[in-house]
Amino acid sequence: MCTSMIKSKFLSNPEDIGIVAVGFSGGQCKPGVDAAPKALIESGLLTQLREELGYKLHGDDEVHLYSDLAPAEDPPHRNMKNPRAVSAVTERIAQQVHHHASQGRMVLTLGGDHSIAIGTLAGSAKATRERLGREMAVIWVDAHADINTPETSDSGNIHGMPVAFATGLAREENPDGPFGWLHKDHLVSTSKLVYIALRDVDAPEKRILRENGIRAFSMHDIDRHGIGRVMEMALAHIGNDTPIHLSFDVDALDPLWAPSTGTPVRGGLTLREGDYICECVHETGSLVAVDLVEVNPTLADERDVGAHETVRAGCSIVRPPSSSPTTKTNHITTLTTRPPRPLDRLFLCSPFLYHRRHHRHHRPSLPHIHNLIMASTVAESVLYERRPVKTHRYQWPGVQLNIWILIMLVASCFLIGSFAIFIQVQEQLLLPIPWYFPYLVTVASLTLAYILLLLYLIFNRRLLPAIVMIGAFVLFVLWMVGLVVIAVQLFGPTGSVQGSCDVAVFSFNPTGPSLHTLAWLQQRAVCQTWQAAFAFSIVGALFLVWIMVMAYQVFVTA
Ligand SMILES: NC(=[NH2+])NCCC[C@H](N)C(=O)O
């Protein structure tokens, strides 16, 4: 039995994981990244998923090297290095991912360099369209944007281009050319793409991000807002009704924690921030696929102090619980009752664990990688003695809310304007001002203040349904009083507005310009203003009911 307590929204077989282990490094020039799946598996990743977290794994018996796909020759094409090899391998990966995803399983792809995401995204986007009739969102956690087109890339390495291919920004016109196999149903929309942890973006990539309005959170944003807020914003951008593919490049982490990668960049995520991202994505229940790429176990050599640091940091961050007397579940008990090992659950530690120095002294430890993956046990497992913090992300229907605000603005402004004029007229005629004139001006002004409050809350992403509901209810009562008063004035006994209209105006039959005609026009305008005020009051009252219903729906679906 799978231990995850988060209910998956989009997987029909949430206890199953399709594994695609990709031993491929052709998207860049440093050898070794193809050894990652083996290293990850040897360090116990899949065993842990299967035995300790209770997942049923499919396709876990083989690391694919795709040697049968190696072309006889592979000259550069549109400035790309190894174009045919990468195209053929990613096409095959797309089929593998599609196969698993079509069966409603989570797909875990172990890279490999990041070029393989051309295949993983294509496979899961297609399967998501076919199975759920929806578009899929992508959270790309990476130091790099990997959105160069072949024409903008300086390096020609395809691992710097996968997003451009996956979004259709880099298209191959020739269907038989490299990546000509990518069709419309393989593509991901740029509006459903969110980057996290960027810090090394090429100038043309910046332009591409800007021109396509792609949502990107750099390390600067994480420093400024904190990872919590950034995740809130990233997930709000995606919305809670969209399946998510998480593509995690290990170089998103600071080299302090993950130096064993081809293109490390300083100033990256802390270990804990990496954990947190994965926990948040898992908690949405929308996760359908994960890639873990660019782990290069061969790049940590004997002199690498980073490996030591990694181990130390991992140990201090993830302290195995000293005791866990209440643990009942078998597979968890096994872990919690055995003596803690210092390397346990070290986040993405496999490149270091794979390192001979550590490998000799420790049984390949259980990597912390499952944070990254579906189980996200960090958030929920007794292992960590943490309780998931229930955070609500309210998803307001944007269009409805905008219409609501606009119409209510019009209604309130109209009431303020017309009753202010009535007050003025009464004053001029030296008549007493009835209480409901200033009352209606006040109610409409309160409504304006309420709209301003909503806008402020929306801007700060704090639009809580409870606030909306309470405010709307109070205003509704006030509007109803106003509505009744207006109705009495308009349709009440003779002597009312309606009556004066009928008697003072319509019984006359003014023809030609005269003082009578003028009075008649004036009186009719007053009547019509009252009628409009009545109409707007009804609209206001109904709209207040509408926003209460809206708030309720947002609340129950959160
Ligand atoms: N997946 C990666 N590590 N990508 C690094 C890309 C670096 C650079 N922007 C390039 O296009 O070559």
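Colleague: At what angle do the axes of helix 3 and helix 4 cross, and within what distance do they come?

Modeller: Two packed helices are described by the angle between their axes and the distance between those axes. In this predicted model, the axes of helix 3 (residues 83-102) and helix 4 (residues 117-132) cross at roughly 35° and come within 7 Å. Axes are lines fitted to C-alpha atoms, for helices over the stretch in contact, with angles running from 0 to 180 degrees between N-to-C directions. The crossing is right-handed, a term used if the near helix is turned clockwise from the far one by less than a right angle. Among the residues making the contact are Thr90, Glu91 and Ile93 of helix 3 and Ile118, Gly119 and Thr120 of helix 4. Residues are in contact if their C-beta atoms, placed from the backbone, lie within 7 Å.

Colleague: Into how many nonpolar, polar and charged residues does this contact divide?

Modeller: Ala, Val, Leu, Ile, Met, Phe, Trp, Tyr, Cys and Pro count as nonpolar, Asp, Glu, Lys and Arg as charged, and the others, Gly among them, as polar. The contact of helix 3 with helix 4 has seven nonpolar, 10 polar and four charged residues.

Colleague: Which conventions apply to numbering and confidence?

Modeller: Residues are numbered from 1 along each chain as its sequence is written. Local features need pLDDT of at least 70 and side-chain atom pairs count only at pLDDT 80 or more, while totals for chains, interfaces and linings use all residues.

Colleague: Which residues come nearest to the ligand?

Modeller: A residue is near a molecule if its C-beta atom, placed from the backbone, lies within 6 Å of it. Of the 15 residues around the ligand, the nearest are His114, His144, Ser155, Gly160 and Thr263. The shell comprises no nonpolar, 10 polar and five charged residues.

Colleague: How many helices and strands does the protein have?

Modeller: Helices (H or I, at least four residues) and strands (E, at least two) are DSSP runs, numbered from the N terminus. The protein has 19 helices and nine strands. Residues 466-491, one of the spans to which an unreviewed UniProt entry assigns "transmembrane region", are 100% helix and 0% strand, with end C-alpha atoms 36 Å apart. UniProt annotations may be inferred rather than shown by experiment.

Colleague: Why does Gln489 count as partly exposed?

Modeller: A residue is buried if 20 or more other C-beta atoms lie within 10 Å of its own, exposed if 12 or fewer, and partly exposed in between. Gln489 is partly exposed because it has 17 C-beta neighbours inside 10 Å. Gln489 lies in helix 17 (residues 465-491).

Conventions: Contact = placed C-beta atoms within 7 Å.
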